[in-house]
Amino acid sequence: MKITDSVLRSFRVARTYRENSQKVNCVDYSPNGDGAISSSDDDSIVLYDISEGKPARTLYSKKYGVDLIRYTHGDSSTVVYSSNKLDDTIRYLSLTDNKYIRYFPGHTARVVALSMSPVDDTFISGSMDKTIRIWDLRSPNCHGLTNPLGKPVCSFDNDGMIFAAGVDSQTIKLYDLRAFDKGPFASFETRFSRVCEWTGLKFSKDGKQILISTNGGAIRILNSFNGSVLHTFSGYNNSKGIPLEACFTPDSQFVMIGSEDGRIHFWSTENGMKVAVLDGKHTGPINTLQFNPRYLTFASACSNMTFWLPCVDDL
């Protein structure tokens, strides 16, 4: 089924799970779309079976905490994640036997961005230590480091050849992974009219757009080739400066974000119009949300995890 305005408006809550005692800080779908995983401020990692529509397992990272959890490239049995408690080492975990495969030490302040390459075992991390580090899952040593001169958020494009860094909430720098040591090959500035911090950066699947998330009441998409502003979206509640996650739908046609009042807002990336607002009866701010890469379903989370499906009767 193609994602359209009316399909988005038809989405209804399929299931809500209350597995967590504190906020869910990140959710990710497995590459094949059959599983989902969440990390929470209560130090738990919950695995969900999408076909069964229920939680499958809960693991814990009590000592280090867990944030920014990501499935590894093409693998539904391993994840990487950052710490939000003890140190700033990134951890590579086998979900099968709940054992660490490798540690990635190097950052000297909290990791605020983690992006897996969509094509191989490379991943990048951005930290409050004002560096972006390039890693390979097969080696604990950092394979490269850039100093973009500010607090960075970062993400790979869908080909895994280019990554973008959003620096000090005002500049986007584009790097070629094969020549990152030469510095960015393109750089453009974009400033919001309201004071806010950039909290996330994502490429659309078609590579043509970059989405900037903020802790203010606005998000923005840019042309990824020349940095021109395509649309700025606002009109959702975020008065407390929460770093709400935004994301594209898999077809790059829509952008979605939660809000502090538990609603989800959708806009068209083509014309910039708001096309849907859904109420998932969340009990707190929707910190994170993600669209399934293969199936017509998405997840949104406050301290509860909610899965959504389109209602065919409404179409």
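The legends below describe several views of one predicted protein model.

Residues are numbered from 1 along each chain as its sequence is written, and side-chain values use heavy atoms, with hydrogens and water left out. Because the model is predicted, local features need pLDDT of at least 70 and side-chain atom pairs count only at pLDDT 80 or more, while totals for chains, interfaces and linings use all residues.

Figure 1. Helices (H or I, at least four residues) and strands (E, at least two) are DSSP runs, numbered from the N terminus. The C-alpha trace spans about 55 × 45 × 35 Å along its principal axes. For 315 residues, a compact globule would have a radius of gyration near 20 Å, and the 18 Å of the protein agrees with this. The radius is taken over C-alpha atoms, and the globule rule is 2.2 Å times the number of residues to the power 0.38. Of the 315 residues, 57% count as buried; buried means under 20% relative accessible area, exposed over 50%, and partly exposed in between (1.4 Å probe, protein chains only).

**Figure 2. The largest nonpolar core holds 17 residues.** Such a core is a set of buried Ala, Val, Leu, Ile, Met, Phe, Trp, Tyr and Cys residues joined through side-chain atoms within 4.5 Å. L8, F11, M256, I264, F266, F291 and F298 touch the most other members. Two or more residues come from each of α1 (5-9), β23 (254-257), β24 (263-268), β25 (274-279) and β26 (288-291). Strand β25 gives the most, with 3 residues. In soluble globular proteins, nonpolar side chains tend to be buried together.

**Figure 3. F298 is shown with residues in contact with it.** Contact means heavy atoms within 4.5 Å. Leaving aside neighbours within four places in sequence, the partners of F298 include F11, Y29, M256, I264, F266 and L278. Q290, F291, N292, T306, F307 and W308 are also in contact with F298.

**Figure 4. A second, separate core has 15 residues.** Among them are A164, W198, L201 and I210.

**Figure 5. D43 and K130 have positive phi values.** Most residues other than glycine have a negative phi. D43, with phi near 75°, is found in the loop between β3 (35-40) and β4 (44-49). K130, with phi of about 70°, lies in the loop between β11 (122-127) and β12 (132-136). D43 is buried because its relative accessible area is 9%, whereas K130, at 46%, is partly exposed.
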